[in-house]
Structure formats: structure tokens, C-alpha cells
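Colleague: I would like to learn how to read a few features of this model. Please take them one at a time.

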Amino acid sequence: MRTSKRTKPLNAYVLFFIISGTQLGDPAQSFQRNVYIAAGHDAWVCMILNGLLVSAALYAMIKTMEYYPDNDLYQIHQELFGRWLGKLFNFAFVLYFFVLCFTVLHSYAEVVHTRLFPDMNSWLFNTLMSLLFLYGVTGGVQVIAGFAVVSFILWLWVFLLYYFPWKYAQVDQLLPLFEAGPGQIVRGMRAATYPMLGYELVYFLYPFIRDKQNVQKYSQLAVAFTVFTYCTLLINAIVFYAGEQLKHTVWATYSWYKIAQFPFLERFEIVGAAFWMILVLPNNLVLLWASTRGMRSVFKLKQKYALYACCLIFVLSSELLFTHEDVEWISNLLGEIGIFLVWLYPFVLFALVRWKRGRGKKKGVEA
């Protein structure tokens, strides 16, 4: 199925908001602890190196899509690997996006349950969120993109709150610089993989972009903004918390809301937890959209029925997976899978596509 020009509703700049919003949605609340445990006060170095690898993988992704301007990754797999092997690769990405959405939802539900409404039933929260998912995803990619742009703009003011931790910062906790060894750096980069997931959505959004010549620019800007934000959050956490304290702080970013003081508001962390949904919601929408779109390719299931099934799973699973240990285990597993699926695989796929196209041209010349 090819995408006609009439069905390309997005400008390339929207990718900046979707990619950076997806990357910053859930992990920004709590990623510092895992990276710090792996690399100590040089954790920010791991984030920069991770960002360089992500940028290279993203470059390979977009170069791959330039060979198939009107197809998404699901259709590319079918063309490259045939019907059955293509479906197997597609199923891997369908499951990957679904589990990623599942993790983001339950991670935010944990924050709401712990900080806002301790007595709230998990199934009720998941039901309310699922209704929002049904509304957003059925509206199509243009509605999801609108959510992403508006939520990102509304969320920017949160950066002003990072002033409060700096009042208590001890900058010497960053010293000595570059103390971590190569093994620690590698472990830190692996721990930083999960927070950077989301840029692979360019595989599925590319066919809907009008000005494809700008996709590379805005996508790379999104990754650069994410790396800058995460480095800022990491440095803030390192200079604010003592080393051992940070290792035991689950939501390092969210904990800063407790020290934010305003004369008109006593407990700002309640506002912060509620406001975070503005960023988490489009995150879930675009991941669920990508997953259900693939179910149509793999199972020949209409996207709306796939969406209903996913939302039903979210509601039914609400009582089965709600501990932080469960969510963190899945997040770490996604990070390990991401090393192969969105770090290494883009280069392999690009090489295959280029080889196949080059062989096709060679045969054409010989004929």
C-alpha cells in the first residue's frame, strides 16, 4: 500500500516534537539512578556518547527510508524478506512498541498511585487512560502529531523548576572528571539506552511527511535536544544528591518538585505529577499507533480492532503488573533489546537495502 500525496498531512518539523517528546516522556522522571550506578559522576559522558550512536543510527534509518519514500518499515520488511520472514520482523516491532507503551503507561500509573491517589484502583486509571488512547489513535497520525506539539510546548516551563535544586547544589561532586573506566562507560551507555528509545518512530512517520528533505535536520535536532536535556538532568541530580542517596532515589526528577516552593501553592509535587501526563499521553499515543498499524500487516486485523484489543489488555493487566520492580525489569529488558533493534539493526537494514538497490541497478544496466 502506497501513501499518496493527499495523505501526507505532516510537516517535517513535527518530528522534532514527536521524537523528543517520546524520548523524554517517561524515562526523564527516573533514568538518573541506573546511569549513575553504572558510571558514577561521569554518567553524563555516557549520555553524550549514547547520543552520538543514536544520531548515527537515526542517519542510517532516514537514508534507508529515502529508498522507500512512500512505505513504512512494515512494508519494507515485506518487500525485502518476503511474506513470512517479513511478518516475523514486523511482529518483533509490533511487540516492541506495544511493550514500550505498556511500560510507559504502568510507570506513570505508579507515580499517580504513589503520589496522588494511593487508594485509586489501578484498573480505573488504566480505563481512563485507555479511553484517551482510543480517542487519540482513532483520530490518526495528524491528531497524534497535534497532541505532541501542544504537549511539548506546554511542558517547557517545567525547566524553570530546575532552579530549585541548584540552590542546594554541590558542584564539587562532579569531580574528578573522566574518572570512570571503559567498562563503566560501556555499562553506563547500556543503562542510557532505554531513555533514548523513540527515535525509531521515524521509520513509520516518514511516509506521512510532506517536505522529506527536512526530515534529517529536524530528527537530528530532536535527538540533540533530548541529549542536552538528559545531560542537564543528570548533572542536576549528581550535584544535588549525594552519591549513595542518588543510588536509592527512584524518581530523581520528580523528587525536585517537593522542594519547589511558591507562596500560593503548598505541595507543588501534586501539580507536577498531574502535569506530567501532558507529556506522557502523546508518548503513548504514537507508540500505540505504530504498534496497531503493524498488527494490520501481521495479523490482517483492522487497526481499530487491534486498538480495542490493546486497550483491553491494558485494563486487564492493571492488577497484574504494578510494582516498581516489575516495571524496571521490563524497562531494562527493553533497553537491552533496543541495543540490537534500534542501534545495530538500522545499519544492517540500510546495508541490505543499498545492496539490493545496487544489484537491481546493475542488472538493469546489463540488460
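Colleague: What covers the buried residues of H1?

Modeller: Bear in mind that this is a predicted model. The cover of the buried residues of H1 includes helix H7 (141–155), helix H10 (193–196), helix H11 (202–205), H12 and helix H16 (277–299).

Colleague: How many residues of helix H1 are buried?

Modeller: Buried means under 20% relative accessible area. In helix H1 (residues 14–24), 11 of the 11 residues are buried, so the helix is largely enclosed by the rest of the structure. Among them are Phe-16, Phe-17, Ser-20, Thr-22 and Gln-23.

Colleague: H12 is part of that cover. At what angle does H12 pack with helix H2?

Modeller: Angles of 65 to 115 degrees count as roughly perpendicular. Helix H2 (residues 32–39) and helix H12 (residues 215–240) pack at about 70°, and their axes are 10 Å apart. H2 and H12 are therefore roughly perpendicular to each other.

Colleague: Which residues of H2 and H12 meet?

Modeller: From H2 come Gln-32, Val-35 and Tyr-36; from H12, Leu-233, Leu-234, Ala-237 and Ile-238. In general, an α-helix has 3.6 residues a turn, so residues three or four places apart point the same way.

Colleague: Where is Tyr-308 placed, and what is its relative accessible area?

Modeller: Tyr-308 lies in helix H17. Its relative accessible area is 43%, so Tyr-308 is partly exposed.

Notes. Residues numbered from 1 in each chain as written. Predicted model: local features only at pLDDT ≥ 70, side-chain atom pairs only at ≥ 80, totals over all residues. Heavy atoms only, no water. Helix = DSSP H or I, 4+ residues; strand = E, 2+ residues; numbered from the N terminus. Buried < 20%, exposed > 50% of the residue type's maximum accessible area, 1.4 Å probe, protein only. Axes fitted to C-alpha atoms, helices over the stretch in contact; angles between N-to-C directions. Parallel < 35°, antiparallel > 145°, perpendicular 65-115°, else oblique. Contact = heavy atoms within 4.5 Å.
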